[in-house]
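Please look through the structure below with its surface, its loops and its charged pairs in mind. The paragraphs that follow take up these topics in turn.

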Amino acid sequence: FSGATAGSWTMGYDISNGRFSIASSTALGTTDRLVINGSGKIGIGTTTPNSLFHIAGTTPKLTLSDISAGTNLKHWFMQSSGGYFRLGTTSDALLDTTTPSALSINGVNGYMGIGTTTPQTLLHIGTASTTQITQPSRSLFVSGELEVGETAYLGPMELPTDGGVISWIDMPISGSVATNTIESFTARLGG
């Protein structure tokens with residue numbers, strides 16, 4: 001296929017590589033944009049797909065659009081970017097609107113961030129940075145308020161100097177220990 005302004009496109013079975021290809025040139029095997037190999041694996045941006053559907057490129061992004069949604073509410077994306085997996089939203093002009101991404105997962109350590117592009121703990125919620133956490137691979141960091149609507153099981157707690165306002169309302173202690181056994185709660189404030 002070719003046109004004066006659109007350039008040339010070729011599609012067909014590439015005998016030399018054993019795959020179906022669509023190329024943005026006059027020959028297959030040179031600028032293939034989409035391939036289907038003999039195993040049925042589809043590649044976009046790669047001529048050697050390693051999974052059923054493989055998209056490759058510099059910061060590849062897959063966008064899902066709900067055309068019936070309201071203005072700037074139609075599009076969500078998945079993206080691989082610099083070792084992170086990201087989910088976010090875009091405007092109708094397909095410009096990213098979630099800055100930072102709604103969800104980011106670090107491919108090196110598995111840390112997950114909600115509302116941050118650089119999670120610093122196993123689960124990092126919010127945009128602020130951690131300052132006191134010594135075991136990030138076993139930690140949750142919340143930037144902002146935290147409310148627990150049901151039961152929370154807390155281990156040892158340490159609250160740093162100038163840790164903000166701390167208020168406790170009705171903190172009963174219960175457990176599976178024998179009756180008449182003394183249970184205790186200890187909180188360390190400000191070092």
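Leu-94 sits in the loop between β10 (84-90) and β11 (103-106), where strands (E, at least two residues) and helices (H or I, at least four) are DSSP runs numbered from the N terminus. This is a predicted model, in which local features need pLDDT of at least 70 and side-chain atom pairs count only at pLDDT 80 or more, while totals for chains, interfaces and linings use all residues. Residues are numbered from 1 along each chain as its sequence is written, and side-chain values use heavy atoms, with hydrogens and water left out.

Although Leu-94 is not a glycine, it has a positive phi of about 65 degrees. With a relative accessibility of 47%, Leu-94 counts as partly exposed, a class that lies between buried (under 20% relative accessible area) and exposed (over 50%), as judged with a 1.4 Å probe and protein chains only. Asn-72, which is likewise not a glycine, has a positive phi of about 60 degrees; its place is in the loop between β8 and β9, and its relative accessible area of 41% makes it partly exposed.

The loop between β8 and β9 also holds Thr-71, which counts as exposed at 63% relative accessibility. Thr-71 and Asp-92 are 21 residues apart in sequence, and their C-alpha atoms are 6.8 Å apart in space.

In one of them, the side chains of Asp-92 and Lys-74 meet at 3.2 Å, N to O. Asp-92 lies in the loop between β10 and β11 and Lys-74 in the loop between β8 and β9, so this pair ties together parts that are 18 residues apart in sequence. Asp-92 is partly exposed, with a relative accessible area of 32%, whereas Lys-74, at 18%, counts as buried.

Asp-32 forms a salt bridge with Arg-19, and the closest N and O atoms are 3.2 Å apart. Because Asp-32 belongs to strand β5 (residues 32-37) and Arg-19 to strand β4 (residues 19-23), the pair ties together parts that are 13 residues apart in sequence. Both Asp-32 and Arg-19 are buried.

What forms the nonpolar patch on the surface? Ile-44, Leu-52, Phe-53, Ile-55, Leu-62, Leu-64, Trp-76, Met-78 and Phe-85 do, with about 820 Å² of accessible area together. Patch residues have over 30% relative accessible area and no salt bridge, with nonpolar side chains (Val, Leu, Ile, Met, Phe, Trp, Tyr) joined within 5 Å and like charges within 9 Å. The elements that give two or more residues to the nonpolar patch are β7 (53-55), β8 (61-65) and β9 (75-81). Phe-53 is found in strand β7 and is partly exposed, with a relative accessible area of 46%.

Terms used:
Areas by Shrake-Rupley, 256 points an atom, 1.4 Å probe, with all protein chains shown as cover. Salt bridge = Lys/Arg side-chain N within 4 Å of Asp/Glu carboxyl O.
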